[in-house]
Amino acid sequence: MSTAWKSRYAQRTKDIKSSTIRELLKITQKPEMISFAGGLPAPDVFPIDRFQEACKRVLELNGHQALQYGATEGYEPLREMIARHIARYGIKAHTENVLITSGSQQALDLIGKLFINAGDRVLVEAPTYLGALQAFNVYGAEYISVQSDEDGLRTDLLEEPLRSGPKFMYVLPNFQNPGGTTLSEGRRHQLVLLADKYGIPIIEDDPYGQLRYEGEHPPPLVVIDRENLRRDGGYSIGNVIYLSTFSKTLAPGLRLGWIVAPPDVIAKLVQLKQGADLHTSTFAQVIAYEVAKDGFLDEHVKLIRKVYRERRDVMLEALKKYFPSEVTWTHPKGGLFLWVTLPEGMDCKSLFDIALKENVAFVPGDCFYAGNGFSDEGRRHMRLNFSYGHPEQIREGIRRLSVAVKQQMRELQVAHV
Ligand SMILES: Cc1ncc(COP(=O)(O)O)c(C=O)c1O
């Protein structure tokens with residue numbers, strides 16, 4: 001007798017769809033395709049030799065521990081290293097504040113599990129990281145989307161949404177995915193003050209902060225929050241939970257991220273993580289520690305910055321050279337993405353089909369909006385990744401994309417080109 005699995009799926013899974021990006025990645029894997037769609041780090045900068053040495057050393061000297069079950073909180077030396085490492089950005093964390101997760105993506109899922117009841121509203125930027133929406137959707141999240149611009153989230157628009165009592169805000173202050181924008185220092189202070197005024201906590205997702213190609217690091221929200229706490233001498237639990245990852249600095253295949261939070265929140269997350277996967281791979285954690293230690297990670301990040309800065313500049317130059325003047329784009333100071341705005345009336349979904357015929361791919365902007373009246377806005381945008389392709393592929397890919405853009409502009413009679 002066959003079982004009708006479909007009729008047995010839990011209610012919370014009914015509206016869940018696959019990630020558009022993951023689906024796109026399948027289409028764009030033809031060898032002749034130049035894809036700006038994925039958020040992939042450049043494989044040519046993976047420190048493979050260093051991984052090889054680390055694996056050999058770990059298996060020779062520490063194999064019994066590295067292959068054993070481990071603590072849910074994570075491998076202690078790695079947690080200590082992370083606490084030391086983030087101190088340079090002013091984030092004062094002890095080991096007990098750090099929980100290692102299976103990528104930041106698991107951190108988002110655990111946060112959803114811990115905080116979201118069906119129907120709770122989460123305040124997000126418009127546009128925002130699609131993977132966070134996917135993680136929160138399962139728990140029945142609804143969204144309040146607040147517009148962002150070149151300086152990140154529009155904090156001048158926040159008071160009213162905050163007054164309506166969202167469960168928390170989810171914010172990407174550095175080199176936002178997909179926008180490539182950075183939240184200005186003034187807005188960071190304003191955001192933290194408003195969070196405190198209305199008692200709405202912040203999830204600060206920062207996978208790209210270290211990949212800065214120009215300018216100074218503005219203080220993380222978690223640091224501003226701590227400073228305000230000290231000055232007010234008030235409550236001892238911060239308003240900000242901070243997330244980051246080794247995916248963009250070492251290798252995404254490790255699946256290693258971390259959460260920095262007050263110890264009682266960590267304790268609760270640990271309980272939830274036990275039910276999810278007991279703990280993050282011990283082997284991956286021990287290897288990551290061995291690879292990153294003795295200053296290697298810092299040196300490696302310098303190399304990544306150099307390679308990605310060059311690729312960003314190549315993309316910016318190519319856009320200027322090939323794209324019609326009616327199209328605009330962000331100038332990201334770091335990270336992996338830039339965000340293109342097409343003239344009014346353009347439709348990135350049909351543009352995507354035209355682009356595929358030209359053998360070039362991007363992510364249509366509408367994937368990154370959580371709704372609330374932004375669906376039309378999404379149609380005018382595309383997210384382009386500049387970390388993955390070699391400079392000559394980036395130039396050629398932008399040339400091909402410009403052909404597709406001009407074709408749609410002609411077809412829709414958007415402007416004379
Ligand atoms: C903003 C943001 N958060 C989280 C993640 C997930 O990263 P991880 O590979 O650590 O799961 C990504 C991945 O691209 C991201 O862009």
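Me: What is the handedness of the crossing of H12 and H15?

Reply: That crossing is right-handed. Bear in mind that this is a predicted model. Helix H12 covers residues 296–322 and helix H15 covers residues 391–411.

Me: And at what angle do H12 and H15 pack?

Reply: The angle is about 30°, and the axes are 9 Å apart. Angles under 35 degrees count as roughly parallel, so H12 and H15 are roughly parallel to each other.

Me: Which residues of H12 and H15 make the contact?

Reply: From H12 you have Glu-310, Arg-311, Val-314, Met-315, Ala-318, Leu-319 and Tyr-322. H15 brings in Pro-391, Ile-394, Arg-395, Ile-398, Arg-399, Ser-402 and Lys-406. By class, the contact of H12 with H15 has eight nonpolar, five charged and one polar residue.

Me: Let's switch to the ligand. How many residues surround the ligand, and which are the closest?

Reply: There are 13 residues around the ligand, and the closest are Ser-104, Asp-205, Tyr-208, Thr-245 and Ser-247.

Me: What does the side chain of Asp-205 have to do with a nitrogen atom of the ligand?

Reply: A ligand nitrogen sits 2.7 Å from an N or O atom in the Asp-205 side chain.

Me: Where do the oxygen atoms come in, say with Ser-247 or Lys-248?

Reply: For Ser-247, an oxygen atom of the ligand is 2.6 Å from an N or O atom in the side chain. For Lys-248, an oxygen atom of the ligand is 3.0 Å from a side-chain N or O atom.

Me: Nice. Back to helices: how do H3 and H11 pack?

Reply: H3 (residues 48–66) and H11 (residues 282–292) pack at about 125°, with 9 Å between their axes. That angle makes H3 oblique to H11. Their crossing is right-handed.

Me: Which residues of H3 and H11 make that contact?

Reply: On the H3 side they are Arg-50, Phe-51, Ala-54, Cys-55, Arg-57, Val-58, Leu-59, Asn-62, Gln-65 and Ala-66. On the H11 side they are Thr-282, Phe-283, Val-286, Ile-287, Glu-290 and Val-291. The contact of H3 with H11 divides into ten nonpolar, three polar and three charged residues.

Me: What about H5 and H10?

Reply: H5 (residues 103–115) packs with H10 (residues 263–277) at an angle of about 110°, and their axes are 10 Å apart. That makes H5 roughly perpendicular to H10. The H5 residues in the contact include Gln-106, Leu-110 and Phe-115, and those of H10 include Val-265, Leu-269 and Asp-277. In the contact of H5 with H10, eight residues are nonpolar, one is polar and four are charged.

Me: Where are Pro-127 and Pro-178?

Reply: Pro-127 is in the loop between strand S3 (121–126) and helix H6 (130–137). Pro-178 lies in the loop between strand S6 (168–171) and helix H8 (185–198).

Me: Last one: is phi of Arg-255 positive or negative, and where is Arg-255 found?

Reply: Phi of Arg-255 is positive, near 55°. Most residues other than glycine have a negative phi. You will find Arg-255 in the loop between strand S8 (240–245) and strand S9 (257–260).

Note on methods:
Residues are numbered from 1 along each chain as its sequence is written. This is a predicted model: local features need pLDDT of at least 70, side-chain atom pairs count only at pLDDT 80 or more; totals for chains, interfaces and linings use all residues. Side-chain values use heavy atoms; hydrogens and water are left out. Axes are lines fitted to C-alpha atoms, for helices over the stretch in contact, and angles run from 0 to 180 degrees between N-to-C directions. Helices (H or I, at least four residues) and strands (E, at least two) are DSSP runs, numbered from the N terminus. Angles under 35 degrees count as roughly parallel, over 145 as roughly antiparallel, 65 to 115 as roughly perpendicular and the rest as oblique. A crossing is left-handed if the near helix is turned anticlockwise from the far one by less than a right angle, and right-handed if clockwise. Contact means heavy atoms within 4.5 Å. Ala, Val, Leu, Ile, Met, Phe, Trp, Tyr, Cys and Pro count as nonpolar, Asp, Glu, Lys and Arg as charged, and the others, Gly among them, as polar. A residue is near a molecule or strand if one of its heavy atoms lies within 4 Å of it. A polar contact is a pair of N or O atoms within 3.5 Å; within protein, one must be able to donate a hydrogen and the other to accept it, and residues adjacent in sequence count only if both atoms are side-chain atoms.
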